[in-house]
Amino acid sequence: MKVYIQTDIEGVAGFCFFEDRANGSSENIEHRMRMRRLLTHEVDAAVKASFAAGADEVLVNDSHGSGYNILFEELDPRCRIIHGRNCSGPHWLPLLEGSDALVLIGMHAMGGTPVSITPHSLWKIDGGRICLGEGTMAAAIAGDLGIPTVFVSGDDKVTAEFREKIPAVEALAVKQALSPYQACSLIPSKACELIGQGVRRALERRGEIAPYVIPGPVTLSLFDSDGHVPPLREIMPPVTAGTVGEAFLEYEKKMPWTTFDLRDPDGFVYPGPAAGR
Ligand SMILES: [Zn+2]
């Protein structure tokens with residue numbers, strides 16, 4: 001059994017402000033490192049539970065921001081981790097193909113969700129017929145590949161969204177949102193204990209959890225704003241494709257900050273015919 005663990009940081013127990021990457025104060029750096037440690041422990045609990053449930057391969061995707069958040073030297077050495085520069089090729093869920101189950105750790109609610117911790121990214125399918133957050137978008141892309149999403153952790157709003165869309169999913173709220181920036185949270189050691197139990201249970205009954213499939217063709221667009229505060233605006237014109245996964249990839253290619261195989265934000269230029277463009 002191959003288990004794919006997709007991670008973000010905003011849904012971790014103890015997290016309730018957006019990361020401030022511009023503030024170099026020692027207080028802020030200490031806070032960010034602390035959040036990374038909390039994420040690392042939650043991910044490690046999920047990794048250990050995956051092996052306990054019979055996995056022979058566990059891939060962790062460090063997917064927040066720079067892709068350099070998880071302190072992987074502290075992770076169970078049986079897993080492998082995808083991290084770092086993520087600007088070339090289909091990069092959001094690399095190596096997902098062939099997985100038997102998707103596990104989501106640290107998820108946040110979709111943009112505009114009232115009273116949820118740091119909500120952002122609102123994906124609209126067919127103009128809003130279905131709305132997805134980053135977590136349920138990952139579930140839909142996995143669904144196109146026939147992979148069930150079996151477990152999600154995050155705040156009470158993102159877990160509610162999952163229960164609505166995937167009723168059989170194992171969903172663990174590690175914190176209750178009181179405002180976009182205030183939560184009533186489990187203590188991290190408790191959150192990790194419950195994540196371990198939940199992931200193991202979810203994988204053991206993965207046969208009962210159907211992949212989340214949104215039949216195509218679909219028209220897809222993304223809404224967000226500076227600071228992620230409503231009103232949200234459409235980031236780019238919508239894209240239509242046969243499946244959610246194809247539409248996502250097409251959309252991602254057109255995002256102003258994506259430079260597939262051309263040039264990375266730090267100036268790195270890929271070799272080959274695309275170089276110099
Ligand atoms: Zn994030």
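Trainee: What share of the protein chain is buried?
Mentor: Buried residues account for 45% of the 277 residues in the protein chain. A residue is buried if 20 or more other C-beta atoms lie within 10 Å of its own, exposed if 12 or fewer, and partly exposed in between, with C-beta atoms placed from the backbone. Keep in mind that this is a predicted model: local features need pLDDT of at least 70, side-chain atom pairs count only at pLDDT 80 or more, and totals for chains, interfaces and linings use all residues. Residues are numbered from 1 along each chain as its sequence is written.

Trainee: And pLDDT, what is it here?
Mentor: pLDDT is the predictor's confidence in each residue, from 0 to 100. The protein chain averages 92, and 90% of the residues score at least 70. Residues 270-277 have a pLDDT below 50, and that stretch has nine contacts in the model beyond near neighbours in sequence. Two residues are in contact if their C-beta atoms, placed from the backbone, lie within 7 Å.

Trainee: How many helices and strands are there?
Mentor: The protein chain has five helices and 12 strands. These are DSSP runs numbered from the N terminus: helices are H or I with at least four residues, and strands are E with at least two.

Trainee: Which residues have the most contacts inside the largest nonpolar core?
Mentor: They are Ile-5, Ala-46, Val-60, Leu-102 and Val-103, in a core of 75 residues. Helix H1 (residues 26-52) gives the largest share of this core, eight residues. A nonpolar core is a set of buried Ala, Val, Leu, Ile, Met, Phe, Trp, Tyr and Cys residues joined through C-beta atoms within 7 Å. In soluble globular proteins, nonpolar side chains tend to be buried together.

Trainee: What is Val-103 in contact with?
Mentor: Leaving aside neighbours within four places in sequence, Val-103 is in contact with Val-3, Ile-5, Ala-46, Ser-50, Val-150, Phe-151 and Val-199.

Trainee: Switching to sheets: what is the order of the seven strands in the open sheet?
Mentor: The order is S3-S2-S1-S4-S7-S8-S9, with mixed pairing. Strands S3 (80-82) and S9 (182-185) are at the edges with a single partner strand each, so one side of each has no neighbour in the sheet. From one strand to the next, the twist averages 20 degrees. Two strands pair if DSSP finds at least two bridges between them.

Trainee: How do S1 and S2 pair?
Mentor: Strand S1 (residues 2-7) and strand S2 (residues 57-62) pair in the parallel sense over six bridges. Val-3, for instance, has Val-58 in S2 as its bridge partner.

Trainee: Why is S7 called largely enclosed?
Mentor: Seven of the seven residues of S7 are buried, so the rest of the structure largely encloses this strand. S4 and S7 run parallel, joined by four bridges, and Leu-102 has Thr-149 in S7 as its bridge partner. S7 and S8 also pair in the parallel sense, over five bridges, and Ser-153 is partnered by Leu-172 in S8.

Trainee: What kind of unit do S7, H3 and S8 make?
Mentor: They make a right-handed β-α-β unit. Right-handed is decided like this: with the strands pointing away from the viewer, the path from the first strand over the helix to the second runs clockwise.

Trainee: Where does helix H4 lie?
Mentor: H4 (residues 188-204) lies across S1, S4, S7 and S8, at about 145 degrees to S8. For such angles, axes are lines fitted to C-alpha atoms, for helices over the stretch in contact, and angles run from 0 to 180 degrees between N-to-C directions.

Trainee: And H2, is that helix enclosed or open?
Mentor: Helix H2 (residues 134-144) is largely enclosed by the rest of the structure, because 10 of its 11 residues are buried. Among them are Met-137 and Ala-140, and both of these touch Leu-132.

Trainee: Where does Leu-132 lie?
Mentor: Leu-132 is in strand S6 (residues 130-132). This residue counts as buried because 25 C-beta neighbours lie inside 10 Å.

Trainee: Last one: why does Gly-112 count as buried?
Mentor: Gly-112 has 20 C-beta neighbours inside 10 Å, so it counts as buried. Gly-112 is found in the loop between S4 and strand S5 (122-125). The C-alpha atoms of Gly-112 and Pro-231 are separated by 7.9 Å, though these residues are 119 apart along the chain.
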